[in-house]
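Trainee: Could you show me how to read the backbone and the overall build of a model, going through one feature at a time?
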Amino acid sequence: MTAHYLEAARGRESPDVAPSAPLKVKAFGRAFVRSRALGWSAVLALLVVWQVVATVRTMPELPPLDAIAVEWLDQVENGELLSALLETLRITAIGFVIATLVGVALGFLMGRVRVVWALAEPVVELARQIPVSALLPLLILYLGIEDRLRVTVVVIVATFPILLNAFAGARSLSRTMRLTAQTFRLTWWQTQVEIGIPAALPFILVGMRQALGMTLVMAVVTGMLAGNSGVGYFILQAQQVLNVRALFAGIFTIAIVGYALNALFLLLDRRLTRWRTLGAADD
Amino acid sequence: MTTVRATRVGKRYLSASRETVTGLSPVDLAVEDGAFVSIVGRSGCGKSTLLRLIAGLEQPSLGAVEVDGVRVTRPPDSVRYVFQDYGQSLLPWKTVGDNIRFGLRHAYALTEREARRRDWDALIETKLREVGLSGVAERYPSELSGGMQQRVAIARVLAARPKILLLDEPFSAVDALSRAMLQDLVLEIWRSHGLTVLFVTHDIDEAIYLSDRVIVLGPHGRGIDADAAVRLERPRHQVSTRSNREYLRLRGEIFDLVMGAQDASRGVRALQ
Ligand SMILES: Nc1ncnc2c1ncn2[C@@H]1O[C@H](COP(=O)(O)OP(=O)(O)OP(=O)(O)O)[C@@H](O)[C@H]1O
Ligand SMILES: [Mg+2]
């Protein structure tokens, strides 16, 4: 039904007559500069330049891409990079889940229950100002340098964007929607579950997406901290033995994994908030 | 029998700048069971406020509202409200069908058989057909036109089986043609369900066309300026009713009254 509707909308825009060859080229060009293919081509061009430069002038600090690829495969095969990555992803996942639970629960309740807001607002606003790096010495003192520290740091960083967006989402509930819940005699609990949370969901997802990127970064950084584990530690080690190829292998791995996580999240986002995009399908 | 009774009911608001704003000066109102009553008046005169007080969506500062002899302190079971901005009232993340299901789940009186047989798909289709829609259950509200969305909102309210329907400028955001069709739809629903309807509108023509009674609220929360009986035969007809002499007479008088061309007290006398 829906698919059909979208097809029809698209069909209306296409011209009735088959375009001539130069027109086709022009249309392709226009579509190209408007799509992300443009950006990907730029990335590709950059990599080509890199490869050429690194092959023509051999420099230890700029290894050619094929050498990095070989190193990357080696590190994956001997398990070093893979286990480091899994370790980082484990911390990311745990931290992200906890941050989501805490951020959504507290942010949403602050938005919907005045007492919770009155109680929590000063604390949240104060705590939000403290850079996590300033807290680190204390955290290390209290929590050591293992998992507990790493998860805690990730949670501290990732909670705030989720909390602030969940709060904004809870506040976004319109008067009419509140009155709609009342005229259908929903209880307080039903109002939150059936109307409050769904209305806040698009905001919550924006917060979660912001947090997801930060979560991965913090999981890597805390891995470098006291040299314990994860991709951060892998990179640190590569630096110590001056293995530039492994350094790049680690960095690329993070970029690609981060990109993939974001893409996965967008997919989920689009599924959950499909209803929002329907009205504005034009652009 | 009187179903809605407001006794000296009034409302004061506290504005953001801590000033007292009169939402509605004390009014008395009694609505007969099964009546179709419209409320007209200038913007800001308290029409919505009066409706919200009757719906139990707000508490009066003065006086009291009774529905079927019970004082209203929270939204009564038998009353449902249709809002002007359907875009905010329909749940945009639910399909049309699920919005109706929402009405069914929070219904006043679902027969036991319907409640037990949770298979509501057929019931949802019936409700949609009742408001002149079909085959849209899978769509989202944002995929429908404004007029269709307000139809869905009405279907959802009907699914909750109210006895008293309150509509607050339901068609003001709808184009003129859809509006005429929606007016006839509301009349048909009112008749076939034996509802009591309170209908707020800016449109004097619409008020007379639909109602048994038109109530004129004076500006600045002054309260009821006039209460006019509409003695036009039913069923009404978009063309012949609107050219009826009695219709035109009422239209002129109410128009003068609302626009302030006449002294309010003279207006009341003229209409009685
Ligand atoms: N929640 C509120 N807080 C403060 N003042 C309010 C509130 N609701 C209504 N008012 C005021 O009460 C008065 C009556 O408002 P109401 O919405 O009932 O008018 P109305 O007749 O429905 O107007 P309209 O035709 O524009 O919808 C207005 O002056 C309005 O500013
Ligand atoms: Mg109003």
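Mentor: Let us begin with a proline, Pro235(B), which is found in the loop between β10 (223-229) and α9 (240-243) of chain B; helices (H or I, at least four residues) and strands (E, at least two) are DSSP runs, numbered from the N terminus. This is a predicted model, in which local features need pLDDT of at least 70 and side-chain atom pairs count only at pLDDT 80 or more, while totals for chains, interfaces and linings use all residues. Residues are numbered from 1 along each chain as its sequence is written, chains are lettered from A and ligands numbered from 1 in the order in which they are written, and side-chain values use heavy atoms, with hydrogens and water left out.

Trainee: Is the peptide bond from Arg234(B) to Pro235(B) cis or trans?

Mentor: Most residues other than glycine have a negative phi, and most peptide bonds are trans. The bond from Arg234(B) to Pro235(B) is cis, with omega near -5°.

Trainee: How is chain A divided into domains?

Mentor: The bounds come from an automatic or database domain assignment, which divides chain A into domain 1 (19-56) and domain 2 (76-282). The C-alpha centres of these two domains of chain A lie 34 Å apart.

Trainee: What radius of gyration does chain B have, beside that of a compact globule?

Mentor: The radius is taken over C-alpha atoms, and the globule rule is 2.2 Å times the number of residues to the power 0.38. With 272 residues, a compact globule would have a radius near 19 Å, and chain B agrees, at 19 Å. Along its principal axes the C-alpha trace of chain B spans about 55 × 45 × 40 Å, and buried residues make up 54% of its 272 residues.

Definitions and conventions: Buried < 20%, exposed > 50% of the residue type's maximum accessible area, 1.4 Å probe, protein only.
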